[in-house]
Amino acid sequence: MSESRLREEICRYGRSLFERGLTPGSSGNISLRLDDGGWLVTPTNASLGFLDPARISRLDSTGGLVSGDKPTKEIPLHAALYESRGSARAIVHLHSTHAVALTMLPEIDPRAALPPMTPYYLMRAGETALVPYYRPGDPAVADAIRGLAGKYSSVLLANHGPVVAGDSLEAAVFATEELEETARLYLLLRNLNPRYLTPDQVSDLVQTFGLDLPSHHDHDGHDHG
Ligand SMILES: [Zn+2]
């Protein structure tokens, strides 16, 4: 896809996310990794609902600004996830209500922030890690993401929001939407003793669709019985 098409894609998905209330005001940002190692990134203080393709920040492979507006200050977040997820081509970061709410609950497991509630959550978002709170733009968040060793494509930042990598912008957007809707389901069902997918049902999905779930890494090569 040409760079001008990719710029339009960022604006189209950004507007769609904004118009559905998935990230308010000027929150949230999107990045794409280009074939030359450079990136397209949404500018700082830009609303995802009103992006201009010509003003998207174009960075070179070292992160230097080549053209467009000044990039989002959440660059360290994106850089760390690209670094640890070698196949990632796009990253979406939102301040979506239900995913943010989830991060503040006391029972959340930082290595599996959501239980296996639906097949599409596992198929699109995989499992989700939770990292502690950092001030927006704090480079220390990059170390927290590197600490996950590339096992997670979906990460929740405590009291802040989700950051999700995909092998295309569409994949990253769809995974972020699944994460948000699954967080919403969790909140709807919290304390109602819902039935989640069983370990056998999860194993069946992992084997049938070749899912790369961190909780199943330990079982590689073993008989799932
Ligand atoms: Zn943010």
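**Salt bridges and a buried serine**

Okay, so a search of the whole structure turns up eleven salt bridges, a salt bridge being a side-chain nitrogen of Lys or Arg within 4 Å of a carboxyl oxygen of Asp or Glu. Keep in mind that this is a predicted model: local features need pLDDT of at least 70, side-chain atom pairs count only at pLDDT 80 or more, and totals for chains, interfaces and linings use all residues. Residues are numbered from 1 along each chain as its sequence is written, and side-chain values use heavy atoms, with hydrogens and water left out.

Let's start with glutamate 3 and arginine 7, whose side chains meet in a salt bridge at 2.9 Å, N to O. They sit four residues apart in helix α1 (residues 3-19), so about one helical turn separates them. Helices here are DSSP runs of H or I, at least four residues, and strands are runs of E, at least two, numbered from the N terminus.

Is arginine 7 buried or exposed? It's buried, with a relative accessible area of 12%, while glutamate 3 is partly exposed at 28%. Buried means under 20% relative accessible area, exposed over 50%, and partly exposed in between, using a 1.4 Å probe and protein chains only.

Now look at serine 31, over in strand β1 (residues 29-33). Serine 31 is buried, at 0% relative accessible area. Leaving aside neighbours within four places in sequence, serine 31 is in contact with several residues, including Leu40, His78 and Ile91; contact means heavy atoms within 4.5 Å.
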